[in-house]
Amino acid sequence: MGLCLLETILRRAGRGDEVVVTRGIVAVTGVLACVLGVLTVRGQETWSTNAKLWDAAVASDPGAAWALLERSAMDLRQGRLEAARRDAERAYLLAPLSPDVILNRADVAIEQARYNDAIGDLLYFLERIPKSADARTKLGIALQRSGQYDAAIAVFREGREKIPERYCSFTKNMAVVMAQSGRTAESLRELEAVRGRLGTDQNPDSRLGLKFLATLYRQTGRTAEAVEAEHEFLTTSEGMAMPAILAARAQLSGAL
């Protein structure tokens with residue numbers, strides 16, 4: 001329809017001269033093709049990577065906390081911590097009550113070893129949403145990394161009571177902190193108490209309890225039991241895409 005209108009205009013301007021009409025159509029369509037080509041290339045460039053996609057999203061709507069949040073999370077995964085922090089803080093200013101924004105800001109703070117900042121955010125979060133397993137896990141990690149082992153253990157122990165469906169996962173986390181603080185025997189007792197559930201629990205993270213149990217068995221000279229736990233870990237975690245599980249499977253596959 002557009003070309004028909006263009007042809008009519010050119011015929012009137014050229015008074016029916018077919019050469020003028022043809023040249024006019026060719027010239028105009030050529031210009032349009034160039035313009036569309038440039039727009040297409042720019043569009044492809046925008047969509048070519050996640051970074052460019054989120055950059056475009058933020059540029060198009062600087063007041064959108066969700067776009068800043070996604071770009072912050074992406075930068076965090078790729079190790080660009082300062083960039084992740086800038087967007088995390090901007091998103092927080094726009095949406096200070098958003099659970100996702102608060103958790104992301106805590107994630108960035110943990111990776112930058114700003115543990116007090118992370119702990120403050122996560123305690124505030126848990127006051128509002130006390131049954132958030134993710135927030136409680138992150139809080140325990142922040143306390144653990146800051147050397148507050150007893151506090152981290154208490155957070156995970158309380159998590160087992162408040163969120164029983166994550167009992168095995170919190171037990172694994174607690175056992176790791178216990179072992180790190182020199183309480184190896186206690187760590188072993190906690191994991192052995194849930195030994196039969198670690199490979200069947202609905203939460204994939206619980207499988208890592210088997211891997212850590214095997215580590216403790218090897219450290220205490222119980223090699224046969226360590227091998228058994230390692231094989232069970234590989235069997236029960238097959239097909240799971242959790243990054244920590246994939247890393248543990250790769251490590252064991254090369255050793256067994």
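I took contact to mean heavy atoms within 4.5 Å. The model is a predicted one.

**Gln144**

I looked up Gln144 and found it in helix H8, residues 133-145. Its relative accessibility is 15%, so I logged Gln144 as buried. I then listed its contacts, leaving aside neighbours within four places in sequence. Gln144 touches Tyr149, Ala152, Val176, Val177 and Gln180.

**Aromatic pair**

Next I searched for paired rings. The count came to 1 aromatic pair. The rings of Phe156 and Phe170 have centres 6.2 Å apart and planes at 35°, so I noted the pair as tilted. Stacked would need planes under 30 degrees apart, and edge-to-face over 60. I placed Phe156 in helix H9 (residues 149-162) and Phe170 in helix H10 (residues 167-180). The two are 14 residues apart, and the pair links distant parts of the chain. Are Phe156 and Phe170 buried or exposed? I found both buried.

**Charge over a ring**

I checked Arg105 against Tyr92. The charged end of Arg105 sits over the Tyr92 ring, 3.7 Å from the ring centre.

**H6 against H7**

Arg105 came up again in the packing of H6 on H7. I read an angle of about 155° between helix H6 (residues 99-111) and helix H7 (residues 115-128), with the axes 8 Å apart. That angle makes H6 roughly antiparallel to H7. I recorded their crossing as left-handed. From H6, the contact uses Pro99, Ile102, Leu103, Arg105, Ala106, Ala109 and Ile110. From H7, I noted residues including Tyr115, Asp121, Tyr124, Phe125 and Arg128.

Note on methods
Residues are numbered from 1 along each chain as its sequence is written. This is a predicted model: local features need pLDDT of at least 70, side-chain atom pairs count only at pLDDT 80 or more; totals for chains, interfaces and linings use all residues. Side-chain values use heavy atoms; hydrogens and water are left out. Rings of Phe, Tyr and Trp (its six-membered ring) pair if their centres lie within 6.5 Å; planes under 30 degrees apart count as stacked, over 60 as edge-to-face and the rest as tilted. Helices (H or I, at least four residues) and strands (E, at least two) are DSSP runs, numbered from the N terminus. Buried means under 20% relative accessible area, exposed over 50%, partly exposed in between (1.4 Å probe, protein chains only). A charge sits over a ring if NZ of Lys or CZ of Arg is within 6 Å of the ring centre and within 35 degrees of the ring normal. Axes are lines fitted to C-alpha atoms, for helices over the stretch in contact, and angles run from 0 to 180 degrees between N-to-C directions. Angles under 35 degrees count as roughly parallel, over 145 as roughly antiparallel, 65 to 115 as roughly perpendicular and the rest as oblique. A crossing is left-handed if the near helix is turned anticlockwise from the far one by less than a right angle, and right-handed if clockwise.
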